[in-house]
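Biologist: Could you walk me through this one, term by term? I'd like to hear what stands behind each label.

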Amino acid sequence: MQTLLRGRHLITTQEWTRDELDTVLEVARDLKRRRALGEPHALLRDKVLAMLFFFSSTRTRASFEAGMAQLGGHAQFIESASTQIAHGDTATEIGEILGRYNDGLAIRQVDWGVGNAYQRAVAAASRVPVLNMQCDRFHPFQALADLLTIVERHPDPRGATINVSWAYASSYQKPLSVPQSLILLMTRYGLNVRLTHPPEFRLQPDLMQQARDNAAVAGGSFEVLDDFDAGFVDADIVYPKSWGCMLSTPDLEESAAIGARYRDWIADERRLALARRDAMYLHCLPADRGVEVTDAVIDGPNSAVFDEAENRLHVQKAVMALTM
Ligand code: CP
């Protein structure tokens, strides 16, 4: 267990050691147990987290804010649109100034080619930890919550097969950050990771290489498929969700048209039946119901989406308690 995480940024799990990530899971489980028992755990009394959002959120905002209150501190919600960022506040100024008011800065900035660089620039200027609430490349807290949900069912997840699959959605071009963080973290823990997507929906090459390297170190595997059904076969965990084809075209209309060629990539009962009988269905939410996944699957007995959403709270509290 690592005891010196105070002051650390969390922008991608790849920058934390396995031992440090194990510490997060251990603390998250402890905080989950303490909340279930009604035990007070005001570990961040008098501390304040700034939550800066450039993009909408349900779970992330609600769970960070609730988490800070449960830890005895306070979270301030700041929307970029109602700040002076639009009138020129730079990333350096945000890091310097909000870092002086707060004990941690959490940021969601998912604009393609912008979000991660923005977070890095804020972090470089901040005297307090910067926590990535999702950027264009990573969604580390989602992947940590997913991992906690998996190890609750598979205490030793090595050798379990997870299918991280693209699925069709019509609502908007979702960021690449969830599948990218998943392939990075699940390969660290020795799972057999399948990434399934149509050719146009590839992920960023540097992160694909990191996933391959992780699998080689941890002893799992990393393979890429382009057949939606094949991805489900004998999987222990299925995670079909949509993302945009940013690496194929910057044009949103063209991207939507490309996606529409794969309308039949919907997680339905026939596909789920190809996986192991007790396979766990995960989705970070929000899902396009009836498009990305059928109600029968997302509301069915294999679905763990509510436990998964709950675990956002526990892993975030763990990281905040350890770093702030
Ligand atoms: N999964 C997730 O990050 O949800 P929100 O976009 O609602 O925060």
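Modeller: Four strands make up an open sheet in the order β2-β1-β3-β4, and their pairing is parallel. This is a predicted model, in which local features need pLDDT of at least 70 and side-chain atom pairs count only at pLDDT 80 or more, while totals for chains, interfaces and linings use all residues. Residues are numbered from 1 along each chain as its sequence is written, and side-chain values use heavy atoms, with hydrogens and water left out.

Biologist: What makes β2 and β4 the edge strands?

Modeller: β2 (74–79) and β4 (130–135) each pair on one side only. Strands here are DSSP runs (E, at least two residues), and helices are runs of H or I with at least four, numbered from the N terminus.

Biologist: Which order do the strands of the five-stranded sheet follow?

Modeller: That open sheet runs β7-β6-β5-β8-β9, again with parallel pairing. β7 (221–225) and β9 (280–281) have a single partner strand each, so one side of each lacks a neighbour in the sheet. Strand β8 (residues 237–241) pairs with β9 over two bridges, and Val 238 stands opposite Tyr 281 in β9.

Biologist: Why are α5 and α12 called roughly perpendicular?

Modeller: The axes of helix α5 (residues 140–153) and helix α12 (residues 305–323) cross at roughly 115° and come within 8 Å. Axes are lines fitted to C-alpha atoms, for helices over the stretch in contact, and angles run from 0 to 180 degrees between N-to-C directions. Under 35 degrees counts as roughly parallel, over 145 as roughly antiparallel, 65 to 115 as roughly perpendicular and the rest as oblique; α5 and α12 are therefore roughly perpendicular.

Biologist: What makes Arg 8 and Glu 20 a salt bridge?

Modeller: The rule asks for a side-chain nitrogen of Lys or Arg within 4 Å of a carboxyl oxygen of Asp or Glu. Arg 8 and Glu 20 meet at 2.9 Å, N to O, so the label applies. Arg 8 lies in the segment before α1 (18–37) and Glu 20 in helix α1, so the pair ties together parts 12 residues apart in sequence. By this rule the count comes to 22 salt bridges.

Terms used: Two strands pair if DSSP finds at least two bridges between them.
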